[in-house]
Amino acid sequence: MNDVDSKTCPIIAKHIKVALVGQPNVGKSMLINSVSNAHLHVGNFSGVTVDKTEVLFDYKAYHFTVVDLPGTYAFTDYTIEERVTHDYLCAENYDIIINVVDSTNLEKNLQLTSELLTMSKKVVIALNMSDEADKENIHINAEYMEELIGVPCIKVSAATKLGIEELIDAVILKHESSKNKPKLVFSEPVEEEIAQIVWYLDKHKYESKNSYRNVAINLLKGNKKTYAKLHDEPIWTELQPILINASRHIELHHDSDDIKEAFAEEYAAFNRGVVAEVIEQKTVVSKKTTTEKIDNILIHPLFGIPIFLFFMWSLFQLTFEIGAIPMEYIDAFFGWLGDTIGSTIGNDDIRSLVVDGIIAGVGAVVLFVPNIIILFIGIALLESTGYMSRVAFLLDGFFHKFGLHGQSFIPLVTGFGCSIPAYMSARILKNDRDRLLTLFIIGFMSCGARLPVYVLFAGAFFSPEMAGNVLFLIYISGALLGLTAAKVLKLTAFKGVDEPFVMEMPKYRLPSVKLIWHTVLTKTMMYLKKAGTFIAGAAMLVWFLSNYPHNKILEESYAVKIEKAVSATDKLKLQHKLDESLLEQSYLGAIGKFSEPLFEPLGFDWKMSVALQTGLAAKEVVVSTLGVLYSLGGDVDEENNSLVNAISKNISFASAIAFIVVIMIYLPCLAASVVFTREAGHIKYFFYLFTFTSVVAYVMAYIAYNVALYFT
Amino acid sequence: MKTLKDCNKYCKVKIIKLNAPKDLKQRFISFGIMKEAIVEVLEHAPAKSTIEIKVGKMRIALRAEEAELIEVEKI
């Protein structure tokens, strides 16, 4: 350790801040996870990490801060994520860069590496996926590579945790050493020009933090910041003609009028050289790779789309069929829990709060955990195998007709899980118009939280054999409606030229069970946590609003009536009537009655109207509200007290259809609305979205209601 | 002038020029689609609207409109 350092700055001397950089989908986040036991989201497509994330951990005597940056193919500002990475690397303070590269595709990955090497920052290269490279018979001579490019190159595998310690040790070693001389050589004409500029800077003793070579390269590449800095210097007048000549010389050499293209070719030539030296590939693979074989079927021009639809259909069938098995037990458990806990509480109000409020509300939400888990597994598989990009490829032509970008598919599919990450992942779209359009459409992809409502209503109105198909139909028609809405918006609000579509198709990977388990577990725990906190709170609020104010006169008048009633059934009927009238004059009843006229054309009673309004907070609240309202409303039939039965008894088929339609279309939830506003960039977009979705939901529900009425 | 759009499945060609606007050209280059690069057409999406190509070891999807901007020659 450097003594001077530790004296001047004893506290931060042992702190290393690492910027983790690499091309998309090389396993940066997975590497952080295996280094630090963090749990960052990983998937097999470019654009999983869209914002920088910091992870802290200790190793030996050092505190590490690792900043996971979004993947970028090169130093460009094409997409928002690329801009995040570029800005961070150029402007922020960090000690060292770990450049993660995919060992199975070294040449392509070195494109970014070579740009990093010109930055005069300390760099360590992590040759990731070295286990996969071994399998493909690709052998990288890491020591020789280190010698060639002048920075440490460490073979690692994030998946098998191979070489992780060596990597961190190399980072520490590099951090402590003062030597930093990456060896990146350009072609002769470029080197000549660099030498001339360096000579000139040296002659005038130009003061600079970066090396002269670095300044020269930046000038030649047309780096705006370097230009701005030198522009105010007296040497500029002499330097400018030198630069113009130099650029012309290089452009001529590359037969191009674009200096950036010329430099890209320079880097590519250097990389080809490195790769030719360090890689030994034992057998030349001429036969088709597994990925190509799978692609022959999955992206077949004729069968590709039907296969995709079949996968989706199977997913929703499974969601319903398998999800239904444990539901009975969960339902029974909460029933038992309510009875058991209820019997220990003396006070009527508190008992009602706990049993009818919290347990009924939370229970109604927890009931759907099995369905949610299956849906999440499906989405995790889609994300981690690499199939997602294939679907984007298949559907781009179709999407394009509706004015959407093929890559919009990725946020849209994510939207089936949860709208919040979907809004975030829309950042992979470069064009603001495309991004806004996609943001507006994401809500049409029914998120996991809406699934409970669908399962509830599908279970109440359709036979078990049909319910899975109904679910599939709901999701598909939501998606188609979204596409239509996209077309309308594209023709009206978001007019403009189409963005190009250039996207990497990653190699297929067999997702590890651990990874899937982990992703699903995290998401499920989040759902449960939400059920235990936010939803429980909302259920309590709904309970309070539906129980107060008490109406003594009403209670007393019924008490007399019940007293007088002769048979037990009459007493029960009267009790039920009392409960109903009490509910109707409660705060919630008042809200419901007030808004009922608005929803009457859709066939909703006041309870459904209230559920829709509370659903603005979160879609799970719709179910818990219905749970509270119908359990308070009381069932005459004691044996059949499940929510499904209450709904099929109290709600007409047509109203149910209209209700589903509204749920499909209107705002996802409060949290998603906040993220939407942030991603869209202005609060006005939120009001547009609110108006747009509400109007569409109302109109579509009205149509659906009347069509359903006609057929029943 | 032959462009990548005119290539059939499994056809292998060399890129000789990128006629794309500046931004898109950068995008192409960052994907390795640049002069001298060898490209193989792997698959066409329905109606040939989207094309899957292979550059080096990387598989890339792009639209027919973009493929039209890439000038190629037979090898």
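Two residues are in contact here if their C-beta atoms, placed from the backbone, lie within 7 Å. By that rule, in this predicted model, 31 residues of chain A are in contact with 29 residues of chain B. On the side of chain A that touches chain B, at least two residues each come from α4 (106-117), α12 (259-278), α17 (387-401) and β9 (502-505). Sorted by class, the residues on this side of chain A are 15 nonpolar, seven polar and nine charged.

One of those elements, β9 of chain A, also takes part in a sheet with chain B. The strand β9(A) runs antiparallel to strand β4 (residues 58-63) of chain B, and four bridges join the two. Within this pairing, A:M503 has B:A61 as its bridge partner. The sheet is open and has six strands, in the order β9(A)-β4(B)-β3(B)-β2(B)-β1(B)-β5(B), with antiparallel pairing. Its edges are β9 of chain A and β5 (70-74) of chain B; each has a single partner strand, so one side of each is left without a neighbour in the sheet. From one strand to the next, the twist averages 40 degrees.

Further into the part of the sheet that belongs to chain B, strand β1 (residues 12-18) and strand β2 (residues 38-44) of that chain pair in the antiparallel sense over three bridges. There, B:V13 of chain B has B:V39 in β2(B) as its bridge partner. The helix α17(A) packs on this sheet, where it touches β9 of chain A as well as β3 (50-55) and β4 of chain B. The direction of α17(A) makes about 145 degrees with that of β9(A).

Chain A itself is divided into three parts: domain 1 (3-176), domain 2 (188-255) and domain 3 (307-504 + 533-549 + 586-711). Taken over C-alpha atoms, the centres of domain 1 and domain 2 of chain A are separated by 29 Å.

Chain A also has an open sheet of six strands, in the order β2-β3-β1-β4-β5-β7, and its pairing is mixed. The edge strands are β2 (53-59) and β7 (153-155) of chain A, each of which pairs on one side only. Neighbouring strands are turned by 25 degrees against each other on average, direction ignored. Strand β4 (residues 96-102) and strand β5 (residues 122-128) of chain A run parallel and are joined by seven bridges. A:I98 stands opposite A:V124 in β5(A).

Two helices lie across strands of this sheet. Helix α2 (residues 28-36) of chain A lies across β1 (15-22), β2, β3 (62-68), β4 and β5 of chain A, and runs at about 160 degrees to β3(A). Helix α7 (residues 164-176) of chain A lies across β1, β2, β3, β4, β5 and β7 of chain A, at about 170 degrees to β5(A).

Another helix pair in chain A is α14 (residues 304-344) and α16 (residues 369-385), whose axes come within 8 Å and cross at roughly 150 degrees. The crossing of α14(A) and α16(A) is right-handed. Among the residues that make the contact are A:L315, A:L318 and A:I322 of α14(A), and A:I374 and A:L375 of α16(A). By class, this contact of α14(A) with α16(A) has eight nonpolar, four polar and no charged residues.

Chain A averages a pLDDT of 84, and 95% of the residues score at least 70. Over residues 1-10 of chain A, however, the pLDDT is below 50, and this stretch has five contacts beyond near neighbours in sequence. Residues 633-640 of chain A also stay under 50 in pLDDT, and for them the model has 13 contacts beyond four places in sequence.

Terms used. Residues are numbered from 1 along each chain as its sequence is written. Chains are lettered from A and ligands numbered from 1 in the order in which they are written. This is a predicted model: local features need pLDDT of at least 70, side-chain atom pairs count only at pLDDT 80 or more; totals for chains, interfaces and linings use all residues. Domain bounds come from an automatic or database domain assignment. Two strands pair if DSSP finds at least two bridges between them. Axes are lines fitted to C-alpha atoms, for helices over the stretch in contact, and angles run from 0 to 180 degrees between N-to-C directions. pLDDT is the predictor's confidence in each residue, from 0 to 100. Ala, Val, Leu, Ile, Met, Phe, Trp, Tyr, Cys and Pro count as nonpolar, Asp, Glu, Lys and Arg as charged, and the others, Gly among them, as polar. A crossing is left-handed if the near helix is turned anticlockwise from the far one by less than a right angle, and right-handed if clockwise.
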